[in-house]
Amino acid sequence: MKTIIEKRTIFLYIIFSLFMIVMIGLLFDQIARFYVNAAYEDQLANEGQYIAEQLEETSSEDIQSTLDDYSEQFNLDLFYNNQNEGRILHTFSNRDLSVLQTVRSNTGNTGEFVLIENRLLTSYSLGENESLSVMTESLPLSALTRTVWWTVFFVSLFTIILLWRFGARIHDSYVKPVIRATETSKELANGNYDARVEELPYGVASQLGQLVNRLGRHLQYITNKYENQNSRLKTVVNNMESGVLLINEKGMTRLVNEAFLSQFTMRDMPVIGEVYYDVINQEEINQLIQRAIFMESRWQETIELADGRFFEIYIAPIKGQEDEWRGVVIVTHEITELKRLERVRKDFVANVSHELKTPVTSIQGFAETLLEEPQMDRAKQEQFLTIIKKESNRLNILVQDLLDLSVLEKESYALTISQFPAHDIVEDVHAVVEELIQQNDLSFNSHYAPQLMVQADYYRLYQLLLNLIHNSIQYTSEGGSIDLRLFREIEQMVIEVEDTGIGIPESAHDRIFERFYRVDKARSRHSGGTGLGLSIVKHIVEVHEGSIEIESEEDEGTTIRIKIPQ
């Protein structure tokens, strides 16, 4: 097809060139004829006028000889006509008889120039019924035409060759590079990022080729980078134990990993590009997604499916640079095993709380025995009694902590929410821990606005602060400090307890809220700790629908931050 178009273009170019040559030849031929005729007319007019003036002074007997002389002198044919005398004289030869007849018929056109058989004719009046006609030899019009046409032909041929060479150079230097750049651009647009333009050594076309090649290399780099990132993303996502589902702003699924497909029942149809509720069978998940889309906010919830499995569902909105809604991402964690362990742990707490009553009863019985033997050595009695009292207090605290955990973990447990000044609860806690702080040579500082109001369960929040500060006292060396801060952040009450204690290793951050877990077991036992304080704190935060964070490094102290919705 391209060859046919090129041949047709060449053919049209040849036809157009021939047409232009003919038109130029005709134009120049007419121009040349016009100027030659004009020149001969001027010359004929001058010579004829001169001859006519001379004839007026010539006698009638000498007219013929005069005509012959001037005909030979000026290379003209003359025709004299005197109608009064019926006299006609001329210098025409016998072969020009046909021309002579024409001249005789045009003797009345005085002052006009007539072209007859390539010969120019004009007439002059010498008097009444007396005239002179002057006629040139044959004008070189045919030779002029040939000369013009040959000149036009050679000039046109030279011009065509020149233009062809110049056009070919322009075509090779500019048109062809543009065509190649266009073809390469089409290849790049079609996804062939290996396409390149042959770069020229100079000129604007060279810059165009360099820019197209640079564009191709840049597109290839971006594509390879995107493909590598996409491949890594798919590898990471598909190897995650958590399920991941990405939904765009139109509710269409754009990404799903193998974990999500294995965790939930999906309808037997393609997942990508379909509306999420058409492919997910679990109505609980669909309702959570709808709620997150409607609220356009983060959402976290634990759900139980009909088959008894538990999942932690995290739904977060995806927003663009201008905060426009782009969709949601759903991350799911199966926590069935965790739930089972949680139930086992609850049973353990209940069992332990009952089991502890036995040693308490034994201690009490042993104390009664000692009291019934007054003859026992006094020092021994006091020693035993002190130990019994200490152990009784520790066991009672442990039992109380376990009972508190059991109460907090009940799903039916309801908080007693009230609003109270932050000052009141801080002072109550400080009054309890003041003596212990002084004994350990610590400094305690509280920071809060004087008019700050807190909305929470007073007793549970008091218990939370008491456990946190007790915990800081246990793990802070003498001369250290403890800071308590309360402030409002948006619609949340933020509580921060910061100490300069021994800190918590990063590996233990996820376990410090477990029951009976101790960072420093020896220090905890020595101080009478039960290992349940932070677990109680976590449960109190959870029943308030709040969150808890920890920042700590070994030997750098610890900061526990709690946020409770207001």
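Begin by selecting Y35, which counts as exposed because its relative accessibility is 56%; exposed means over 50% relative accessible area, buried under 20%, and partly exposed in between, with a 1.4 Å probe and protein chains only. The model is a predicted one, in which local features need pLDDT of at least 70, side-chain atom pairs count only at pLDDT 80 or more, and totals for chains, interfaces and linings use all residues. Residues are numbered from 1 along each chain as its sequence is written, and side-chain values use heavy atoms, with hydrogens and water left out.

**Helix 1**

Y35 lies in helix 1, residues 2-56. Helices (H or I, at least four residues) and strands (E, at least two) are DSSP runs numbered from the N terminus. Patches consist of residues with over 30% relative accessible area and no salt bridge, nonpolar side chains (Val, Leu, Ile, Met, Phe, Trp, Tyr) being joined within 5 Å and like charges within 9 Å. The accessible areas come from the Shrake-Rupley method with a 1.4 Å probe, and for residues only the protein chains shown count as cover.

Next, select D29 and R33, which form a salt bridge with the closest N and O atoms 3.4 Å apart. A salt bridge here is a side-chain nitrogen of Lys or Arg within 4 Å of a carboxyl oxygen of Asp or Glu. Both residues lie in helix 1, four residues apart, or about one turn of the helix. D29 is buried, with a relative accessible area of 7%, whereas R33 is partly exposed at 25%.

**A loop residue with positive phi**

Move to N75, in the loop between helix 2 (63-74) and strand 1 (76-82). Most residues other than glycine have a negative phi. N75 is not a glycine, yet has a positive phi of about 55°. Its relative accessible area of 48% makes N75 partly exposed.

**Salt bridges**

How many salt bridges does a search of the whole structure find? The search finds 12. One to display is that between the side chains of R309 and D307, at 2.8 Å from N to O; D307 is exposed, at 52% relative accessibility.

Another joins E549 to R561, with 3.4 Å between the closest N and O atoms. This pair links distant parts of the chain, E549 being in strand 16 and R561 in strand 17, 12 residues apart. E549 is partly exposed at 35% relative accessibility, while R561 is buried, with a relative accessible area of 16%.

**The nonpolar core**

Which residues have the most contacts inside the largest nonpolar core? Select L461, L464, L484, I495 and I562, which hold that place in a core of 44 residues. Such a core is a set of buried Ala, Val, Leu, Ile, Met, Phe, Trp, Tyr and Cys residues joined through side-chain atoms within 4.5 Å. Elements that each supply at least two of its residues include helix 11 (378-409), helix 12 (422-439), strand 14 (481-489), strand 15 (492-499) and helix 15 (533-543). Helix 13 gives the largest share of this core, eight residues.

In helix 11, select L398, which is buried at a relative accessible area of 12%. L398 and G531 are 133 residues apart in sequence, but their C-alpha atoms are 8.8 Å apart in space. Continue to helix 15, whose buried residues are L534, S535, I536, V537, H539, I540 and V541. Just after this helix, E545 takes a positive phi of about 60°.

I490 is exposed, at 79% relative accessibility.

End at D555, in the loop between strand 16 (547-553) and strand 17 (557-565). D555 is exposed, with 66% relative accessibility. With E506, D510, E553, E554 and E556, D555 gathers in a patch of negative charge on the surface.

How values were computed: Lys and Arg count as positive and Asp and Glu as negative; His and the chain ends are not counted. The place of a charge is taken as NZ of Lys, CZ of Arg, CG of Asp or CD of Glu.
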